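Here is a short tour of one protein model. Keep the sequence and the 3D view side by side as you read.

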Amino acid sequence: MSTQVYLAQARASPNAQDCMALYDKWAATYNKEVGDEKQNYVAPVLVAQVALQSSKNPARSVILDAGCGTGLVGQALAIGGVKSIDGLDLSGPMLMEAKKTGAYRNLAQADMNRRIEKPDDTYDVVTCVGTFTAGHVGPDPALRELIRVTKRHGIVISTILEEIWESGGFKAEVEKLEAENLVTVVSDGLIDYVKGRGDKAVLAVLEKVDHV
């Protein structure tokens, strides 16, 4: 199956189970295919760069890569000097590929449409790339959960496919989190996503507010 077909089917998935089944099949060839010049999936490296810039000391930062897939973000973070990276993903085969990178401290299977089994205020930075897209994970409770597990003054960096930023309720959820004084919106501009396809995504950078 071609990358175009996989992407189209992934974005049309009616539920998390169908989406997971597709990624289970795609895991072994995913990195090669999305990294191809025709696709040029640049978002993982761009988000890792923002994460590194947001950290005062990358080597001492503890980062959660939510929806880590095969580990593209984790690899870029590790190259940048991060030593403590945890990863979550719904697909077991994708997690197996991520494990092969050697970038992650811990990896766990998780459905981001549900509560994340992590304590409050755990991570300095949370990244989430390629998960907030059509047919994948919605904004609620996922964004709120990412904020919950982030330390006060920590940063959540997420990509949201441009076409669902408003229609999928992500913009409204970010505004709600800001109105509840849970986050400050650092930025929410557009970036290249799958550059070869011309896809854009909103890069939402949120800082968790310190209530104390």
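Helices and strands here are DSSP runs, numbered from the N terminus; a helix is H or I with at least four residues, and a strand is E with at least two. The model is predicted.

## The largest pocket

Start with the open space. The largest pocket holds about 230 Å³. Its lining includes Ser 54, Ser 55, Lys 56, Asn 57 and Ser 61. Asp 124 and Val 125 also line the pocket. So do Lys 151, Arg 152, His 153, Gly 154 and Ile 155.

Which strands each supply at least two residues of this lining? They are β4, spanning 123–132, and β5, spanning 150–161. The most comes from β5, which gives five residues.

Helix α5 covers residues 92–100. Its buried residues are Met 94, Leu 95 and Ala 98. Viewed down the axis of α5, these fall within an arc of 100°, so they line one face of the helix. Turned away from the buried side of α5 is a face with the exposed residues Met 96, Lys 99 and Lys 100.

Now look at the ends. Ser 91 caps the N-terminal end of α5. A side-chain oxygen of Ser 91 lies 3.2 Å from the backbone nitrogen of Met 94. Just after α5 comes Gly 102, with a positive phi of about 75°. Gly 102 sits in the loop between α5 and β3. Is Gly 102 buried or exposed? It counts as exposed, at 63% relative accessibility. Gly 102 and Gly 74 are 28 residues apart in sequence, and their C-alpha atoms are 9.0 Å apart in space.

Most residues other than glycine have a negative phi, and most peptide bonds are trans. Some places in this model depart from that pattern. Asp 121 is not a glycine, yet its phi is positive, at about 55°. Asp 121 lies in the loop between β3, residues 106–109, and β4. With 33% relative accessibility, Asp 121 is partly exposed.

Asn 181 is another non-glycine residue with a positive phi, of about 60°. Its loop runs between α8, residues 170–179, and β6, residues 183–192. Asn 181 is partly exposed, with a relative accessible area of 42%. The peptide bond from Asp 140 to Pro 141 is cis, with omega near 15°. Pro 141 belongs to the loop between β4 and α6, which covers 142–148.

## Lysines in strand β7

Strand β7 spans residues 200–208 and includes Lys 208. Lys 208 is buried, with a relative accessible area of 11%. What does the side chain of Lys 208 contact? A polar contact of 2.7 Å joins it to the side chain of Asp 121. A polar atom of the Lys 208 side chain also lies 2.7 Å from the backbone oxygen of Thr 150.

Lys 200 is in strand β7 too. Lys 200 counts as partly exposed, at 35% relative accessibility. Follow Lys 200 to Ala 43: the two are 157 residues apart in sequence. In space, their C-alpha atoms are 9.3 Å apart.

## A buried loop residue

Val 82 is found in the loop between α4, residues 72–79, and β2, residues 84–89. Its relative accessibility is 5%, and it counts as buried because the cut-off for that is under 20%. Val 82 and Ser 61 are 21 residues apart along the chain. Their C-alpha atoms are separated by 6.6 Å. Ser 61 is also one of the residues lining the largest pocket.

## Cysteines

How many disulfides does a search of the whole structure find? The search finds zero. Cys 68 is buried, with a relative accessible area of 6%. Cys 128 is buried as well, with a relative accessible area of 0%.

Methods: Residues numbered from 1 in each chain as written. Predicted model: local features only at pLDDT ≥ 70, side-chain atom pairs only at ≥ 80, totals over all residues. Heavy atoms only, no water. 1 Å grid on protein atoms, 1.4 Å probe; cavity = no way out; pocket = protein on both sides within 12 Å on 5 of 7 lines; lining within 4 Å. Points joined across faces, edges and corners; volume = space filled by probe spheres on them. Buried < 20%, exposed > 50% of the residue type's maximum accessible area, 1.4 Å probe, protein only. Arc of directions from axis to C-beta. Polar contact = N/O pair within 3.5 Å; in protein donor to acceptor, adjacent residues only side chain to side chain. Disulfide = S-S within 2.5 Å.
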